[in-house]
Amino acid sequence: MLDVRKLVLLREVGARGSIAAAAQALNYTRSAVSQQLSALEAETGVALLDRGSKRAELTAAGRLLVTHTERVLAELEAAQAQLLGRDGRVVGELRVGVPLHEGPALLVPALTRLRGRHPELRITLHGVAPDEGRQTVRLGRLDAVLAAGYPQVPEARVPGLYEEELVSDRIRLAVPPGHHLARGDGPRDLADFAEEPWLLDRTSRLGRLALHLCADAGFVPDVVSDIGDMQAVFGLVSLGWGVALAPDLVPDRPGHPVARIPLKGIGPVRHITLVVREGTLNSPPVAALLPAVREAADELRASGAGEGGARGG
């Protein structure tokens, strides 16, 4: 029978793209990971890694084995969740990823409520980059995280994860205060900003959305900054460096005012979801987290901060 620990190593290498990165993430030496993977290949009788590549890429057999590994791990987690939930107590540790500058409005009220209901549950918060949360949960580093999605920039589903949509918010264009196109409350054509300098991170989903919308509007933006941190972006916009897309739930940077302009005929939105592993859905901490986050999302929508969202996995 295959060793689950070796299967986890294979999955980690596939996700990280190198044996060295997987070893560092798991606190192993590179040679130990390499030896374990060689042993796994001997047990299966097939090559699982393409060692001729500069990256440690999985072979077709390796990818197939990782697919089965995801199912095995989900079933093991589900079994553990049922055992832990037999006495009805909510104990242990819940590791929650908070996207920088974007999670507090939704997560902090939910987690405060959760801590009050279950004082024996230890809740720890961990800052994550907006585009890294799903993989961090998938690989078991965190138990839950808020993630964002944009309909205009579809992305492949990450195996082994359950996502529940909580709220959605509008995306508008942040411009310097006093910008001549910020007069009035009406929406503007994105093409009106074709000659403006732009601040966007091409590697982020929000940056890719900006590039997609600009292309649809018939121009290529002049990118003068690829900084992805929205608070830094707001600071630069406030000082007149350029314009940038900004979701409504991302708060302004204190002392650096910007004007937010709705876009005509586009109406881009961002959907915010709670992400957990499928195998942990019935674990006491995650099962207690879900209703607390739903309540916080309902309150956020009632306040007018979010446009709403349909729940579902």
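Student: What makes Ser18 a cap of the N-terminal end of H2 in this predicted model?
Tutor: A side-chain oxygen of Ser18 lies 2.9 Å from the backbone nitrogen of Ala21. The cut-off for a polar contact is 3.5 Å, so the pair counts as one.

Student: Which residues of helix H2 are buried?
Tutor: In H2, residues 19-26, they are Ile19, Ala22 and Ala23. These residues cover an arc of only 100° around the axis, so they are on the same side of H2. Helix H1 (4-16), helix H3 (30-44) and strand S1 (49-50) are among the elements that cover them.

Student: What follows H2?
Tutor: Asn27, whose phi is positive, near 70°.

Student: Why is the aromatic pair called tilted?
Tutor: The structure holds one such pair. The ring centres of Trp198 and Phe219 are 6.2 Å apart, and the planes stand at 45°.

Student: Which parts does the pair tie together?
Tutor: Trp198 lies in strand S7 (residues 197-199), and Phe219 lies in the loop between helix H7 (205-216) and strand S8 (222-225), so the parts tied together are 21 residues apart in sequence.

Student: Are Trp198 and Phe219 buried or exposed?
Tutor: Buried means under 20% relative accessible area. Trp198 has 1% relative accessibility, so Trp198 counts as buried. Phe219 has 11%, so Phe219 counts as buried too.

Student: Why does Ser225 count as buried?
Tutor: Ser225, found in strand S8, has 10% relative accessibility, so Ser225 falls under the 20% limit. Leaving aside neighbours within four places in sequence, Ser225 is in contact with Trp198, Leu199, Leu200 and Leu236. A polar atom of the Ser225 side chain also lies 3.3 Å from the backbone nitrogen of Ile227.

Student: How do you know that both faces of strand S9 are covered?
Tutor: Ala244 and Ala246 on one side are buried, and so are Leu245 and Pro247 on the other.

Student: What makes S6 and S9 a pair of strands?
Tutor: Two strands pair if there are at least two bridges between them. Four bridges join S6 (residues 161-175) to S9, and the two run antiparallel. Pro247 in S9 is the bridge partner of Ile171.

Student: Where is the pLDDT below 50?
Tutor: The chain averages a pLDDT of 86, and 93% of the residues score at least 70. Over residues 308-313, however, the pLDDT is below 50. Where pLDDT is low, the predicted coordinates should not be read in detail.

Definitions and conventions:
Residues numbered from 1 in each chain as written. Predicted model: local features only at pLDDT ≥ 70, side-chain atom pairs only at ≥ 80, totals over all residues. Heavy atoms only, no water. Buried < 20%, exposed > 50% of the residue type's maximum accessible area, 1.4 Å probe, protein only. Arc of directions from axis to C-beta. Contact = heavy atoms within 4.5 Å. Polar contact = N/O pair within 3.5 Å; in protein donor to acceptor, adjacent residues only side chain to side chain. pLDDT = per-residue confidence, 0-100. Phe/Tyr/Trp six-rings, centres within 6.5 Å; stacked < 30°, edge-to-face > 60°.
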